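Please read the points below alongside the sequence and the model.

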Amino acid sequence: MRRIRFAVALLSTLLLTSTLAFANSWQTGKLMDTEKQEVPTGSTTTYNSDGQAKNNGKYSQNTTAHTTDNTDTYQVFTIQTPAKTYVVREKLNFPWSKPANISLGEEVKFTVQGNKMTILDDDQKQHKTSIVKASVTQPH
């Protein structure tokens with residue numbers, strides 16, 4: 001029982017610490033470019049067979065194949081900070097999914113953890129993205 005209380009207290013402290021660290025790590029950049037991409041991921045072939053028995057005891061079969069191309073949809077954002085420029089993409093999992101609501105040319109808040117970026121959009125919703133490219137921002 002004592003171990004369980006200690007584990008719960010330790011877990012609570014770790015969660016609070018990580019939440020506070022995450023909340024303080026927001027950076028600001030400017031949205032420079034955005035585009036929607038359809039990336040082919042292969043195809044699916046379905047077969048439909050139609051069979052019919054004839055009066056003379058013979059059997060006839062007709063098979064048709066229908067191939068559908070599969071794609072993943074991404075919204076790609078280019079975010080520029082004074083030090084770095086990031087190209088990130090957000091996967092839109094469903095046809096009705098909406099990308100981050102960010103105004104082009106305006107500031108955007110984000111955090112970076114490894115090769116992942118979380119964007120805080122204009123509606124204060126967090127959107128998880130993958131960093132596709134990061135480069136040093138060239139001075140003007």
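A salt bridge is taken here as a side-chain nitrogen of Lys or Arg within 4 Å of a carboxyl oxygen of Asp or Glu, and by this rule the count comes to one salt bridge. The model is predicted, so that local features need pLDDT of at least 70 and side-chain atom pairs count only at pLDDT 80 or more, while totals for chains, interfaces and linings use all residues. Residues are numbered from 1 along each chain as its sequence is written, and side-chain values use heavy atoms, with hydrogens and water left out.

**Charged side chains**

- The side chains of D72 and K91 form a salt bridge with an N to O distance of 3.6 Å, and this pair links distant parts of the chain, since D72 lies in strand 2 (residues 59–80) and K91 in strand 3, 19 residues apart; strands are DSSP runs of E with at least two residues, numbered from the N terminus.
- D72 is partly exposed, with a relative accessible area of 23%, and K91 is also partly exposed, at 40%, where buried means under 20% relative accessible area, exposed over 50%, and partly exposed in between, using a 1.4 Å probe and protein chains only.
- E90, in strand 3, is buried yet has no salt bridge, the nearest side chain of opposite charge being K125 at 10 Å; Lys and Arg count as positive and Asp and Glu as negative, with His and the chain ends not counted.
- The side chain of E90 does reach the backbone nitrogen of A100, at 3.0 Å.

**Residues around strand 6**

- H127 is found in strand 6 and counts as buried because its relative accessibility is 11%.
- Q124 is found in the loop between strand 5 and strand 6, and its phi is near 65°, a positive value in a residue other than glycine.
- Most residues other than glycine have a negative phi.
- Q124 counts as exposed because its relative accessibility is 58%.

**The largest pocket**

- About 150 Å³ of space lies in the largest pocket, and of the 13 residues that line it, the closest to its centre are K116, M117, K128, T129 and S130.
- A pocket is an open set of points on a 1 Å grid over the protein atoms alone where a 1.4 Å probe fits, with protein on both sides within 12 Å along at least five of seven lines, and lining residues have an atom within 4 Å of a point.
- Strand 3 (84–92), strand 4 (107–113), strand 5 (116–120) and strand 6 (126–136) each supply at least two residues of this lining.

How values were computed. Grid points are joined across faces, edges and corners, and a volume is the space filled by probe spheres set on the points. Helices (H or I, at least four residues) and strands (E, at least two) are DSSP runs, numbered from the N terminus. A polar contact is a pair of N or O atoms within 3.5 Å; within protein, one must be able to donate a hydrogen and the other to accept it, and residues adjacent in sequence count only if both atoms are side-chain atoms.
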